[in-house]
Each structure stands twice: as C-alpha cells, then as structure tokens.
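I opened this entry to note what I looked up, one item at a time. The structure comes first, then my notes.

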Amino acid sequence: MTAATTPLTRDNEQYWPLPTDEPTLLDLLTRVFTDHWRSINFGPIIEGAAWEVGAPSAPTRITTHDGYATVDFGAWHFHLCIGEHTASGPELGRIRRCSRAEMYRALDADGHPVSWGIRLFNGRDEQMMTVLLPNPFLTDTQQLRDTPDFSRLAAWDDLRAHFLGLEADPLDRAGKGFRHG
C-alpha cells in the first residue's frame, strides 16, 4: 500500500491519508467488516448527527457494481461508492465516489490518543462514513471502563500494519481515559 507513514495533524487529532483506489478501499471495507465487525461501530458522524451502528454479524457478502461496494448483512445492507460510477454521468460519478480516506486518532488536551477510527469522504468532501474502532477506554457497548484494556487496539494495530506499514505505536497506549464533556 502507498500511504503516508507520518501523521498529519488537524485540531485535536492525528491522521494518515489512505489511497482511494477501488482495490484499496474494497480491501479496507472487507478487512474492517469481516475481521473486526464484533467490536466496531460505524455510520456518518457529522455536526448534529452521529450514527454509531453495530454490525449484527459478519457480512454475508461484500460485492461491487458500477463503483459501489455493497456490504450485506442479510437483513440489511449499505452501499458506498468507492470506484468509477458511470450510470449517473461523470459529474455525479465524481461527487459520489470516495475522494478522501483516512485513519485517525483523536487526542486529549495532553496529546494522548482517546479515540481511533477510519473516515471516508465523497467528492464534495462530505463524510460518507466513520468507523469507530475498538477503544481501550470503552466496552463494546460503549460503556466507560474502570481500567484501560489496550488489547482492544488490535484492530487499529492490524490496520496500521496492513495499510500504512507501521508497527504498533507506544503513544496509543499512553492515554489515561476517555470522557465525553
């Protein structure tokens, strides 16, 4: 994979841009939803709305058609445009397609990571989806833990290694806790 190995910074977070070609994004979706579905939450997180959906199971199938990936859980599914979409014409195809992808970690006031995830954005730079990766300060049901469980960074470490070529970072294990204001 060709991606930045040094994080960029924005506000209170560090992020690593990911390639947005269809094979890379399909690999990302497949790894996240096949290997880590039990402990992630996902959906759009925009000003005024946060959809933190838990997958009911591993997908029954992940397919592509006309640039769209479909992640199908059986009872329901979702679509993300990750490749060239031609059915709606070139302008809508450009807008709908993922044009920016990143792995990120949010930092507390002391510069310690408190949240880890992935974000995808369309051609208008609107958020398509955020994947909240397992957090050592929270349980799978998003309850605060009394003590951190840093083994919950396994998905983050796996994705960093696969997509960025980076080993586990000790900074990820330096945080003391997670609190919403």
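In which sense do strand 3 and strand 6 pair, and over how many bridges? I found strand 3 (residues 41-43) and strand 6 pairing in the antiparallel sense over two bridges. Strands here are DSSP E runs of at least two residues, helices are H or I runs of at least four, and both are numbered from the N terminus. Two strands pair if DSSP finds at least two bridges between them. Phe-42 stands opposite Val-53 in strand 6.

I noted that this is a predicted model, where local features need pLDDT of at least 70, side-chain atom pairs count only at pLDDT 80 or more, and totals for chains, interfaces and linings use all residues. Residues are numbered from 1 along each chain as its sequence is written, and side-chain values use heavy atoms, with hydrogens and water left out.

I read an open sheet of seven strands, order 1-2-10-11-12-3-6, with antiparallel pairing. Strand 1 (8-10) and strand 6 (53-54) are the edge strands, each pairing on one side only.

Then helix 3 (residues 154-164). Its buried residues (under 20% relative accessible area, 1.4 Å probe, protein chains only) include Trp-156, Leu-159 and Phe-163. The buried residues of helix 3 pack against strand 2, helix 1, strand 10 and strand 11, with contact meaning heavy atoms within 4.5 Å. Just after helix 3, Gly-165 takes a positive phi of about 70°.

Last, a loop. Gln-142 lies between strand 12 (127-132) and helix 3. Phi of Gln-142 is near 65°, positive in a residue other than glycine.

Definitions and conventions
Buried means under 20% relative accessible area, exposed over 50%, partly exposed in between (1.4 Å probe, protein chains only).
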